[in-house]
Amino acid sequence: MLKINVVRNLIKVSALIVAGGVVFPPLTASADGHYDGVVVNILTRPGPVIAGRIVDRAEEFKEMTGAEIRVAEAPFAELFQKILTDWATGTNSIDVGVFASGWGIELVGGDLVENLDPYLAKDDKIDLDDIAPYFRDFNQKVSGSTYFITLDGDFQMLYYRTDVLAANGLEPPRTWEEYLDVASKIHGQDMNGDGEADYGSCIFKKRNAQSYFAIQSVAASRVQSMGTSEGIYFHHESMKPKINNEAWDKSFELYKATGEYGPPDELNQDIGDTRGLVVGGRCGLAIDWGDIGPLSIEEGSMIKDKIGAVIMPGSTEVLDPETGELVACDANTCPHAIDGINYAPFAAFGGWTAAINKGSGDKAKQAAYDFLSYMNQAAQSNVDVTMGWTGYNPYRNSQLNDTAAWVDAGFSQEAAENYLGAIKESLNHPNMASDFRIPGAQQYTGVVLDRELARYLAGEITVEQALENIEEAWEEITDDFGREEQAELYRLSLGITN
Amino acid sequence: MNEWIDRNMGRVFLAPAVTLILVFSIFPLVASLLLSFTRVRLSGGGFKIRFVGWKNFEKQFFGSEQFHLIGTFTEISVLGWIVGLAFTAVLLGWIIKYIRSHFTWVGFIGRMITFAMALGLCWLFSATLLSGNPFGTVGVTLFYVFVGCGIQFLIGTSLAFACSQRIMGKNAFRVIFFVPMMITPIGVGYIFRMMADTTKGPFADVWQWVGLGEFAWATNPWAARIFIVVADSWQWIPFVFIMMLAAFESVPRDLTEAAELDCAGPWQKFREIIWPHVLPIAATVMLIRAIEAFKIVDLPNIMTSGGPGIATESVSLQAYYAWRSLDLGAASAIAYILLFVTVVTCASFFNLVIHSRIRKQR
Amino acid sequence: MKTLHPKSGLFESRAIGEMALASRIILYTLLLGWSAFVLFPIYWLIITSFKNAATVNQGPYFLPWIDFQPSMHAWYELFVSDYEDTLRAYINSIIISLSATALSVLIGSMAAYALSRVHYAPNLITILFFVFLVALTWVSISAFDVDWRVALAVGVALFFFLARGVGRLHQIHLHNGDILFWIISQRILAPIVVVVPIYMMFQSVRLLDTHMALILTYCVVNMPIVVWLMFDFFNTIPRDLEESAQLDGATMFGTFREIVLPLSRAGLAATTLLVMILSWNEYLFALFLSTTKAQTMPILVAAMNAGERGILWWTMSVAIIIMILPVVLLAVILQKYISKGLLVGAVKG
């Protein structure tokens with residue numbers, strides 16, 4: 001009894017304190033559109049990047065339709081947890097989550113994401129055919145239905161300093177062996193005119209950051225040669241990991257070897273650090289997502305019109321999945337090879353995509369869909385992707401065919417053609433490697449692969465031990481989630497339907 | 001009514017705190033304990049929970065995560081054997097002495113738990129560090145706790161003592177020394193990441209100048225660990241400082257004056273008057289600091305992300321990473337292992353150091 | 001009763017006051033050296049807030065105007081373009097941490113005082129019985145759909161009827177030390193595993209994204225620290241004063257307010273400062289229990305790590321700097337009281 005009184009008084013006191021606090025102004029929504037009074041809450045990561053453009057477009061959308069789009073923000077590292085908790089506990093204070101598409105598989109598996117097929121069927125403005133095939137057919141879909149709307153197209157490319165390579169009489173590398181060769185030749189030269197020795201290669205290697213994407217980019221062209229549906233992680237039928245083999249072995253070694261021509265503390269650099277170095281003109285070669293292009297023309301950049309992009313380096317030998325050994329490329333083993341080199345651009349991260357909460361109200365869902373479609377439509381997104389600060393990279397063919405918008409944004413004609421050419425080549429590549437898109441993706445790659453890679457890079461274990469550990473841990477995770485289910489979902493994620 | 005309140009004043013004073021803590025602790029504690037025996041999946045618009053027994057714990061201690069939590073084991077070196085056996089003998093001696101002197105069952109069971117854990121940690125230490133094998137997150141956490149707290153206590157107390165003396169500008173020193181604690185822990189992590197950057201941080205030129213241009217602290221396990229302890233100390237010495245300052249300031253002046261009249265030397269005065277007076281607070285401060293240090297997560301997460309390899313990863317960080325990859329079962333299991341280690345360490349410290357003192361006081 | 005000594009150093013210390021010049025130089029060198037160690041990172045923080053991407057990334061620059069041109073863009077961003085978010089988070093932080101601190105220090109020091117003066121001996125069996133009943137009630141409500149009023153009534157009734165009987169079965173008494181340890185042990189479990197259950201608790205009472213949720217949470221998570229520190233500070237106060245007051249007919253609350261609290265000012269000030277800082281800087285609970293309306297400053301700081309876009313060092317520095325300022329103010333105010341702990345010594349009977 002006493003206790004109850006105390007609690008009640010406490011609550012009273014605290015309520016008074018709260019009431020004395022800030023009173024937020026009531027909402028004022030007045031537009032003539034058909035969504036008057038509808039509120040859509042979007043959660044994404046903070047800052048101008050990604051979120052900034054959503055806020056701008058939300059204002060336009062409100063004027064058009066009357067729907068109020070509120071953008072809430074959560075720090076990158078905990079963003080997904082926050083969305084997950086909100087949706088899975090039925091709080092449903094968030095209608096739309098904007099996050100990496102790879103994370104979303106888990107949510108779709110939990111039946112938390114609205115299936116967008118009915119909405120797409122009624123939408124005549126979105127023009128799906130214009131979206132690059134990988135994003136349209138793999139990235140937006142789970143088990144054959146569309147669940148996500150792409151806002152940003154992500155995959156990694158190789159960037160090189162056109163001036164540095166030209167001065168040394170070198171061509172941009174086509175294979176990873178050539179990459180090391182070029183890096184070794186230019187390492188130690190002064191590339192930004194400040195009198196200090198700069199680095200041949202910059203690839204982020206920090207743990208729990210993005211290094212597990214980079215290693216997959218390196219490995220993809222050795223592991224996958226038969227087209228996107230081959231996949232780089234498992235054997236389709238048995239779900240046995242395709243990891244403990246010569247292809248990954250070699251890739252681990254190559255990745256570590258690039259460190260010799262990199263900054264001394266590369267092991268503790270994430271993508272933000274290496275990007276700073278690249279834009280500061282300190283790197284000859286670098287791996288990055290599409291962002292370097294728009295960043296290179298920003299104020300303070302030392303590499304304006306000095307940076308070129310090409311498809312990720314390939315390999316002249318590929319994995320024979322039966323034996324686990326590397327075999328030379330020929331017409332049979334590498335049907336998509338060019339000049340005997342097999343390329344497999346890796347769709348790392350999958351890009352920022354939006355998903356609609358299944359638990360939201362019908363009106364909010366429809367308004368949310370219309371807004372996302374509006375963002376995705378060529379008229380809007382073709383402008384957004386040319387602006388570096390938005391963080392959006394191209395994912396539509398119409399964004400790549402026309403260089404005018406890019407030249408307007410500040411590129412030289414030549415740089416724009418080079419940059420768009422590399423993107424186009426990667427984006428439409430029939431052998432594009434798909435990112436992990438089954439439940440537990442974070443555990444498989446973000447935790448296990450990343451950790452063992454970090455231990456190998458730090459010299460704690462050998463590459464053989466690392467691959468063995470990964471294989472064992474992957475098997476454990478697969479058994480945990482159920483081997484049959486995982487195999488089924490894995491096949492679906494690669495578009496194999498039988 | 002008034003009479004009743006007056007009679008039960010003791011309970012009225014204690015009840016709000018106990019009730020609030022109960023309300024906030026029972027459900028989360030039970031829920032997370034249950035979670036540690038399960039695998040959690042998302043399904044059907046909510047969570048699906050499957051009990052797996054001890055599997056989560058087994059994986060940490062004996063399975064594929066063993067190297068991660070406690071370390072890699074090969075064989076124990078000669079040094080490892082010597083230290084391990086010597087320490088075991090000391091522990092055995094202590095427990096035998098206890099049994100012979102004043103035996104109670106509660107006391108005995110409590111001491112046996114302490115004994116078992118001390119023994120386990122001792123052999124863990126012998127089998128990993130002393131035998132040249134890498135140790136896991138438990139070892140790293142203990143390093144942060146014991147080395148970090150030790151340094152913080154020594155420096156913090158000395159600074160507090162100096163600032164309680166009649167020195168010039170002591171008010172300014174007091175505020176300055178306290179500043180680092182005001183910064184949000186995440187902020188401290190980022191500040192020290194800037195400090196430690198060997199290419200564009202403030203000490204980049206110093207690194208070059210002393211010829212360490214090619215040496216990156218972040219690639220050397222011990223350098224990285226020490227660096228995290230430095231950042232941790234930078235942040236938490238102020239805590240020890242402010243508490244010990246308050247303690248030194250609350251030493252009754254008449255006691256010290258009396259000592260001076262007796263012509264006690266400064267050292268004698270410190271040892272016999274001041275130190276016994278502040279000791280209880282010092283013990284509490286260290287206990288609180290140790291509890292927080294066991295949970296260290298922001299600094300290694302931001303400064304090194306647990307790297308190089310797993311060299312700077314604390315148990316708490318391991319749980320955080322498991323949690324972030326949606327492995328809630330593993331996260332809870334790891335957190336409970338940490339809870340166990342922390343509770344036993346702190347309870348031993350509390351019962352054997354603080355509690356006996358409280359008993360003496362009564 | 002209260003005689004204030006003229007303000008001076010603590011120990012009238014002839015020994016240190018008249019230290020040899022050499023040792024005094026060493027002492028000041030150490031103190032100044034430590035100040036430098038403490039202040040340099042702060043200095044770096046301040047100049048970083050005036051840098052832009054180029055001046056951060058292209059090697060260390062130390063002196064504004066001399067080796068780099070300071071720019072206000074980060075300050076502009078937080079105070080002009082995004083001032084709404086910044087201001088809201090700032091006000092939220094102030095409201096939440098002040099309320100939580102006040103509540104926590106009040107309730108916590110009451111408990112600490114009680115623990116240091118009254119001897120408790122609750123029976124462990126009764127407590128276990130109570131916990132068992134709570135669990136039973138909870139299970140019957142959640143798993144068997146029993147109406148919550150019925151379940152609660154039955155639970156309470158059972159407790160009152162049976163508590164005494166069960167308690168007599170076996171007597172294992174807990175003592176103040178056990179209660180104290182139980183209280184501190186609440187801080188041991190890593191917050192990430194309790195944050196989701198706590199989130200669900202607040203969700204069920206619809207308090208998510210309110211100040212209330214964070215105030216209550218901070219109040220509770222910091223209470224163990226208050227109880228522990230204040231317990232020790234209360235223990236250092238001589239008891240004879242209180243005893244004489246009680247003989248004069250003062251109530252326990254009266255004694256507490258009139259005599260004990262003023263005497264333990266140093267400890268109270270230090271504890272308040274500490275709890276204030278802990279709630280001001282807390283991150284994980286703030287992240288989960290708030291979405292927009294109740295978002296606090298630490299989230300703003302963490303937000304400046306833009307993931308694969310790198311860290312926005314400049315705006316992050318601004319956010320950290322403006323977060324320190326109010327705490328510095330508070331510290332300057334409170335540190336006076338910390339010195340006034342001298343009173344303690346002045347009141348021997």
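Visitor: In strand 3 of chain A, which residue is the bridge partner of I42(A)?

Guide: The bridge partner of I42(A) in strand 3 of chain A is V96(A), and please keep in mind throughout that this is a predicted model. The general idea is that strands of a sheet pair through backbone hydrogen bonds, either parallel or antiparallel. Here strand 1 and strand 3 of chain A pair in the parallel sense, over two bridges.

Visitor: How many bridges join strand 1 of chain A to strand 2 of chain A?

Guide: Six bridges join strand 1 of chain A, residues 39-44, to strand 2 of chain A, and these two strands run parallel. One position to look for is V40(A), whose bridge partner in strand 2 of chain A is I69(A).

Visitor: In what order do the strands of the open sheet in chain A lie?

Guide: Five strands form the open sheet of chain A in the order 2-1-3-13-6, and the pairing is mixed. Its edge strands, each of which pairs on one side only, are strand 2 (68-73) and strand 6 (148-150) of chain A. If you follow the sheet across, the twist averages 25° from one strand to the next.

Visitor: Which strands of the sheet does helix 3 of chain A touch?

Guide: Helix 3 of chain A, residues 79-88, packs on the sheet and touches strand 1 and strand 3 (96-100) of chain A, and its direction makes about 145° with that of strand 3 of chain A. Another helix to find is helix 13 of chain A, residues 362-376, which lies across strand 1, strand 2, strand 3, strand 6 and strand 13 (352-356) of chain A and runs at about 55° to strand 1 of chain A.

Visitor: Why is strand 1 of chain A largely enclosed by the rest of the structure?

Guide: Burial is read here from how many other C-beta atoms surround a residue, with 20 or more within 10 Å counting as buried. Five of the six residues of strand 1 of chain A are buried, so this strand is largely enclosed by the rest of the structure. From strand 1 of chain A the chain crosses through helix 2 of chain A, residues 48-65, to strand 2 of chain A, in a β-α-β crossover that is right-handed.

Visitor: Turning to the interfaces, which elements give two or more residues to the side of chain A that touches chain C?

Guide: In this interface, 32 residues of chain A are in contact with 36 residues of chain C. The elements that give two or more residues to this side of chain A are helix 1 (2-19), strand 2, helix 3 and helix 11 (271-279) of chain A, and helix 11 of chain A gives the most, with five residues. By class, the side of chain A that touches chain C has 14 nonpolar, 13 polar and five charged residues.

Visitor: How many residues of chain B are in contact with chain C?

Guide: There, 85 residues of chain B are in contact with 95 residues of chain C. Helix 2 of chain B, residues 9-35, supplies the largest share of the side of chain B that touches chain C, namely 16 residues. That side of chain B divides into 57 nonpolar, 17 polar and eleven charged residues.

Visitor: Which domains does the assignment give for chain B?

Guide: The domain assignment of chain B gives domain 1 (1-35), domain 2 (73-133) and domain 3 (136-361), and the C-alpha centres of domain 1 and domain 3 of chain B lie 31 Å apart. The secondary structure of chain B comes to 16 helices and two strands, while buried residues make up 49% of the 362 residues in chain B.

Methods
Residues are numbered from 1 along each chain as its sequence is written. Chains are lettered from A and ligands numbered from 1 in the order in which they are written. This is a predicted model: local features need pLDDT of at least 70, side-chain atom pairs count only at pLDDT 80 or more; totals for chains, interfaces and linings use all residues. Two strands pair if DSSP finds at least two bridges between them. Helices (H or I, at least four residues) and strands (E, at least two) are DSSP runs, numbered from the N terminus. Axes are lines fitted to C-alpha atoms, for helices over the stretch in contact, and angles run from 0 to 180 degrees between N-to-C directions. Two residues are in contact if their C-beta atoms, placed from the backbone, lie within 7 Å. Ala, Val, Leu, Ile, Met, Phe, Trp, Tyr, Cys and Pro count as nonpolar, Asp, Glu, Lys and Arg as charged, and the others, Gly among them, as polar. A residue is buried if 20 or more other C-beta atoms lie within 10 Å of its own, exposed if 12 or fewer, and partly exposed in between; C-beta atoms are placed from the backbone. A crossover is right-handed if, with the strands pointing away from the viewer, the path from the first strand over the helix to the second runs clockwise. Domain bounds come from an automatic or database domain assignment.
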